[in-house]
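Open the structure in your viewer and keep the selection tool at hand. This tour goes stop by stop.

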Amino acid sequence: MTSTPSPLTRLRPRAAGLWSVFAVPYGLRVGLRGEHFLGHDDRSGEPHPTAYYVWLALSDEEVVLVDTGIGPARAAGMAGLHYYGSPVRLLASVGLAPADVGWVVLTHLHYDHTGTVAEMPAATSVVQRAEWEYWSGPTARRITRERWLCSPTDLENLAAADADGRVRIVSGDVELMPGLSVHLVGGHTAGMQVVRLRTAAGHVVLASDASHFYENRAEDRPAPILHCMPAVYAAFDRIVELADGEDLIVPGHDPAVLQRYPAAAPELAGRMVRIA
Ligand SMILES: [Zn+2]
C-alpha cells in the first residue's frame with residue numbers, strides 16, 4: 001500500500017544541494033505611489049497596491065522560512081489591509097507545520113517581516129548584527145526614527161528565542177548551508193540582508209525590501225522608507241550581481257510576483273507560487 005506524499009515532500013527539489021523557492025502571499029493593501037517611490041511627482045497620489053509575502057525555501061532536508069509576516073493582532077489594527085490570514089496558518093494549509101521550520105531568515109526587523117517568529121518553536125532565526133543592534137543595542141532606546149516600523153513585542157520574542165539559543169547573529173555575507181547564503185546590503189534598514197539560493201534554474205535572490213517593487217530597480221527609484229541612500233543604490237546593484245538573471249530576482253512587496261510565476265501546484269493556485 002502506498003501513502004500519498006505530503007505536499008511538502010512533493011515540493012522539495014529532486015537533487016541534493018539545490019533549493020525550491022516559493023512565495024506565499026498573506027495580504028494586500030492599496031496604498032499610494034507616493035508611499036512607495038521617493039520624490040513627489042504627478043503620479044504620487046495614484047493608488048498603488050502592495051502585496052505582503054513570506055518566502056519558503058526547501059532543500060532535500062531543510063525547511064527555511066524567509067521572513068514571517070504580520071501576526072493577526074497587528075494585522076487587525078492595520079487600516080486597509082486585506083489579510084488572508086496568519087502566514088503560519090497559510091503555511092499549515094499547504095502542509096507545513098510550524099515545528100517543521102528549522103530556520104527563519106529575517107531579512108530585516110520591520111514589523112511586517114517579524115510577526116510570527118514566536119510561533120516557530122524549533123526554528124533558529126538569522127539576523128544581521130547591524131540590524132539587531134540598531135533596534136535592540138545600547139542606543140536603540142534613543143532612536144525614534146522609524147521606530148513605528150519595529151514591533152516591541154516581536155523584539156521581545158526574538159530576545160526570548162536568543163536566550164533559548166535560537167538566534168544566530170551574522171555579520172556580512174554568510175553561507176548558512178550549502179546553496180543558501182545571506183548578504184548584508186543595508187540601505188532600507190541598517191542591517192538589511194538579501195537571501196541567495198541555488199536552484200535548478202540558477203541563483204535566485206529574495207530581495208525583500210531591498211527592492212519592494214520591480215519598479216524600484218527598473219526606474220532606479222528607492223522607496224521613501226530608508227536608512228541610507230547610497231546603500232539603497234548599492235543594494236540594487238548587488239542584487240543583480242548575486243542573481244543569475246532578472247527573472248530570478250524577487251521583490252518584497254510586488255503583487256506582480258503572483259502573475260510572473262506559476263502556482264506551486266494546481267491546488268495551490270492563488271496561495272503559493274514557485275519562483276524556481
Ligand atoms: Zn521593510
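Start with a term: on a 1 Å grid over the protein atoms alone, a cavity is a set of points where a 1.4 Å probe fits but cannot get out. Points are joined across faces, edges and corners, and a volume is the space filled by probe spheres set on them. A lining residue has an atom within 4 Å of a point. This is a predicted model, in which local features need pLDDT of at least 70 and side-chain atom pairs count only at pLDDT 80 or more, while totals for chains, interfaces and linings use all residues. Residues are numbered from 1 along each chain as its sequence is written, and side-chain values use heavy atoms, with hydrogens and water left out.

**The cavity**

The structure holds 1 cavity of 30 Å³ or more. Helices (H or I, at least four residues) and strands (E, at least two) are DSSP runs, numbered from the N terminus.

**The pockets**

A pocket is an open set of points with protein on both sides within 12 Å along at least five of seven lines. The largest pocket has a volume of about 360 Å³. Select Arg-29, Tyr-52, Trp-148, Leu-149 and Ile-225, the closest to its centre of the 19 lining residues.

Next, go to the second largest pocket, with about 190 Å³ of space. Its lining includes Arg-10, Arg-12, Trp-19 and Arg-274.

**The cores**

Which residues touch the most other members of the largest nonpolar core? Select Leu-56, Leu-65, Ile-70, Val-101, Leu-109 and Met-272, out of 43 residues. A nonpolar core is a set of buried Ala, Val, Leu, Ile, Met, Phe, Trp, Tyr and Cys residues joined through side-chain atoms within 4.5 Å; buried means under 20% relative accessible area with a 1.4 Å probe, protein chains only. The largest share of this core, 4 residues, comes from β2.

Zoom in on Leu-65. Leaving aside neighbours within four places in sequence, Leu-65 is in contact (heavy atoms within 4.5 Å) with residues including Val-54, Leu-91, Trp-103 and Met-120.

Last stop: another core lies apart, of 30 residues, among them Val-170, Val-174, Tyr-214 and Leu-248.

Methods: Buried < 20%, exposed > 50% of the residue type's maximum accessible area, 1.4 Å probe, protein only.
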